[in-house]
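Hi there,

Here is the structure I promised to pass along. Please have a look at it first; my notes follow below.

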Amino acid sequence: MGNEQKTAAVEMKGIVKKFGDFVANDHIDLTVQKGEVHAILGENGAGKSTLMNVLYGLYQPTEGEIFINGQKVIMDGPNKAIEMGIGMVHQHFMLVQPFTVVENIVLGIEPTKGLVVDLKSAREKVVELSKRYNMAIDPDAKIEDISVGMQQRVEILKVLYRGADILILDEPTASLTPQEITELIETIGHLTKDGKSVILITHKLKEITSCADRCTIIRAGKYIDTVDVDQVNENELAAMMVGRDVSFTVEKPDKTPGDVVLEVKDLHGNDYRDIEILRGFNIQVRSGEIVGIAGVDGNGQTELVEILTGLKKATSGSVTVNGQDAYNVTPRRAFDLGVTSIPADRQKYGLVLDFTVAENLILQNYEKHPFAKKGFLQKGNIDTHAKELIDKFDIRPRGTEQHPAGTLSGGNQQKVIIAREVTNDSDLLIAVNPTRGLDVGAIEFVHKYLVEQRNKGRAVLLVSFELDEIMSLSDRIEVIFEGKITGSVPGKDADEKTLGFMMAGGAQHE
């Protein structure tokens, strides 16, 4: 043990972190060796991010000690952490959208020549770093124009540029496509080969089994165990994380779909660069069925959802909901026609982060009975409604109806949106990556609710980059490629290989 203490890159001993009476971390121990990938596994709100925020100096521990490379350290802020060689990539990226990749990476530590910022030498160093760790980036692109996967590489390069040897990646794959996840896992391999230690905060079991050496499990703020990943399977990890056995299969009774709720014909639309991305898209979704759209990110899914929910205008085509014209309507009109959605970006489109949870739960219905009377909000009724949904949808911590939505963990923010949208009782529910950033217990829960909506006779359009999710939930899977549907497969007959081939543009019959 004495030997281990000297060589451990990070040791956290007996960490307690309280917020008022709430104990987020309750005597947690963590040891991370040099050159290892150490996963921290736990449900949403288990205290994983809090623990890492303590290590990174964003929070001060209520009790406990931190050792970096055997040396006891008081982490009094992120500057101290950076000085100790720790870098953190947050779940929601901290990038300046109008700035270029290089400008973001050197922000705050810009190299100068005399009084002028020397971007040329910075760019050279950034390009060299990206080659060394095999991370493809365009150094001159603006952040607002690049994919989420590339934005993440920028965040990783930003901490490497500052000399980090210990990297904390907080839910790094929450917004990535399967292909980008594979690339990230390769990047992590390059980092550890170079002797760097990577701490991976996640609740995705597949990722842990594919790239972590060891895993520490936290449940409800308490330390459960540290295990060697090659000695456990996904079911054992899930049970340790949630405290019970978790079912990975979705129970779905056979059901004959009803009338057509959504019909999209020959839809054309442009992306943010004004380049055509939807090129004659057609789809029908009937009541009592879940139709999944499978495709690699960037084939027009985002634009389709934005057009259907009123956030973007199509260039031509037709959209009807229950036979009524829904082409290029406003978001309010789409809602009145019976369309609700679980959006892809919960913080940008799903919630008003500064509003309370109770207020977020009535965003579309605030002017209706029982939430308003003669133009005045009825606070008592709004709070009662919120308490009921917080209980029913297991939004944690309990009693958060008066807290700003921005203070909840990502997974619990997602539950607030789902609670609101499935209780809105619409005819068409559009769910975009509904379980992004959720743990297995919460995924099981969301899937149950989506199937329940279908069983109640609603039409559900599911857009997801998780193929497992598309295959286990959909009654019918439509494959999108280059802006149109190129094939259709009954959900029960789908397999990953065939879908992957079709998603890459392969013909259906091959």
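P370 sits in the loop that runs between α13 (357–360) and β19 (372–373). This is a predicted model, and in it the peptide bond from H369 to P370 is cis, with omega near 0°. A cis peptide bond also joins R396 and P397, where omega is about -10°. You will find P397 in the loop between α14 (379–392) and α15 (410–423).

Next, the backbone angles. Most residues other than glycine have a negative phi. E171 has a positive phi, near 45°, and belongs to the loop between β9 (166–170) and α7 (178–193). A220 also has a positive value, with phi near 50°; its place is the loop between β11 (214–219) and β12 (222–228). Are these two residues buried or exposed? E171 has a relative accessible area of 10%, under the 20% cut-off, so E171 counts as buried. A220 has 63%, over the 50% cut-off, and therefore counts as exposed.

Helix α5 (residues 119–132) packs against helix α6 (residues 148–161) at an angle of about 110°, and their axes are 10 Å apart. That angle makes α5 roughly perpendicular to α6. The crossing of α5 past α6 is right-handed. From α5, the residues A122, K125, V126, L129 and S130 take part, and they meet L157, L160 and Y161 of α6. Sorted by class, this contact has six nonpolar residues, one polar and one charged.

As for α6 itself, its 14 residues reach 20 Å from the first C-alpha to the last, close to the 20 Å expected at 1.5 Å a residue. Of those 14 residues, 13 are buried, so α6 is largely enclosed by the rest of the structure. Just after α6 comes G163, with a positive phi of about 85°.

Last on my list is helix α16 (residues 440–455). With 16 residues at 1.5 Å a residue, α16 should span 22 Å, and this agrees with its end C-alpha atoms, which are 22 Å apart. The buried residues in α16 include V440, F445, V446, Y449 and L450, and also H447, Q453 and R454. Just after α16, G457 takes a positive phi of about 95°.

Happy to hear what you make of it.

Best wishes

Terms used
Residues numbered from 1 in each chain as written. Predicted model: local features only at pLDDT ≥ 70, side-chain atom pairs only at ≥ 80, totals over all residues. Heavy atoms only, no water. Axes fitted to C-alpha atoms, helices over the stretch in contact; angles between N-to-C directions. Helix = DSSP H or I, 4+ residues; strand = E, 2+ residues; numbered from the N terminus. Parallel < 35°, antiparallel > 145°, perpendicular 65-115°, else oblique. Left-handed = near helix turned anticlockwise from the far one by under 90°. Contact = heavy atoms within 4.5 Å. Nonpolar A, V, L, I, M, F, W, Y, C, P; charged D, E, K, R; others polar. Expected span 1.5 Å × (residues − 1). Buried < 20%, exposed > 50% of the residue type's maximum accessible area, 1.4 Å probe, protein only.
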